[in-house]
Amino acid sequence: MFNFNYRNPTHIVFGRDRLSELDSLVPANARVLVLYGGGSVKRFGTLERVLHALGNRTVFEFGGIEANPQYHTLMQAVELVRRESVDFLLAVGGGSVMDGTKFIAVAAPFEGDTSSLLYHGFNPAPATKVLPLGIIATLPATGSEMNPYAVISHNNGKHSLSHAELFPQFSLLDPSLSFSLPPIQVANGVVDAFVHVLEQYATYPVDARVQDRFAEGILRTLIEIGPQTVAEPDNYDARANLMWSATCALNGMLGVGVPMDWTSHMIGHELTALFGIDHAQTLAILLPAVWTERKSQKHAKLLQYAERVWDIHEGDEQGKVLEAIARTRDFFERLGLKTRLRDYGVARPDIDRVIQALDQHGMHTLSERGDINLDISRRILELAW
């Protein structure tokens, strides 16, 4: 196991009917900006309940954060924060609203070109001050509610943002707030969480037994409850397990002391930027292709995945690995997500555009070993077509 440091200060408030506790979570004298997305929080009454719970505080609203939060939209919120001296941000929504709020938290106090905050990859943004923020999660998927990371869209690209002070001060996770989600968004959430786990797990062994068993437990849980929570939107227990799985998938615990991949994510970001395919759907397309191309390099962990997660014990090692890849693809399909680029109208010649975008964004050394170049990325995309 590698050396590591771990810190996670986010206060999790989990369970049904917890919105009334906002009064004790947000500073009493805060000037609060409540941020949300396309309006579903208004239609289903969540926003009204949030505003009521905030009591007599000075509260402003900003809606319209996109499914892939756009820099120029977020800068409108930054100007509002500066103009009204807002000192606390409250995100109400899914991962995109959370990520957009994190950018605002860094950008509003920043003196300089705020777009420059987006070009540091996995290195921390060079900010000296970050506004405090809290989260009310309505879509279990990204894990952004318990980590200091965000992904922001700008100039036809998706850019990672991180800072040690971007951990939410609190995240309120009420599974019942997700009951009104369309089935495709729930399915996307299951796949997003599932692949988050696998990007940290399906690499190569370093004898990290706790992390492996934790990851395998989340994967098996998602396999059990994924189709159920898509089919039964008001099944509280299934949705609660999905919400906590998604949070634990990317709160840092799985990734300590182990190598991580993220190839599917990095290529997937280009698919979203170029073709508008939902993030989770790009992961369902790419992960089986990545594994097919890299099954030799990932053999030991894919074999472990086959045996421990899918209970595949018959046949030789190579057969078990191939069966695990096939079952993973089938799992995504059973949730309602297609797993081929052509299913989303992407033509084979369009692969050239993806490779050009990867090249432009410096994605020349992907994978846990840093050995996936543009030629290998092309082979992955061809397998995914």
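## Exercises: a pocket and a helix

**Exercise 1.** Find which residues lie nearest the centre of the second largest pocket, then describe its lining.

*Solution.* Start at the centre: among the 23 lining residues, Gly121, Phe122, Met266, His361 and Met363 lie nearest to it. The model is predicted, so local features need pLDDT of at least 70 and side-chain atom pairs pLDDT 80 or more, while totals for chains, interfaces and linings use all residues. Numbering runs from 1 along each chain as its sequence is written, and side-chain values use heavy atoms, without hydrogens or water.

Next, the term. On a 1 Å grid over the protein atoms alone, a pocket is an open set of points where a 1.4 Å probe fits, with protein on both sides within 12 Å along at least five of seven lines; lining residues have an atom within 4 Å of a point.

Now the volume. The pocket holds about 420 Å³, counted as the space filled by probe spheres set on the points.

Last, the sources. β7 (157–162) and α9 (263–275) each supply at least two lining residues. α9 gives the most, with four.

**Exercise 2.** Which residues of helix α13 are buried, and which are exposed on the other side?

*Solution.* Buried means under 20% relative accessible area, exposed over 50% (1.4 Å probe, protein chains only). In α13 (residues 351–360), Ile351, Val354, Ile355, Ala357 and Leu358 are buried. Seen down the axis of α13, they fall within an arc of 160 degrees, so they line one face of the helix. Gln356 and Gln360 are exposed on the other side.

Then check the neighbours. The buried residues of α13 pack against α9 and α14 (374–384), with contact meaning heavy atoms within 4.5 Å.

Conventions: Arc of directions from axis to C-beta.
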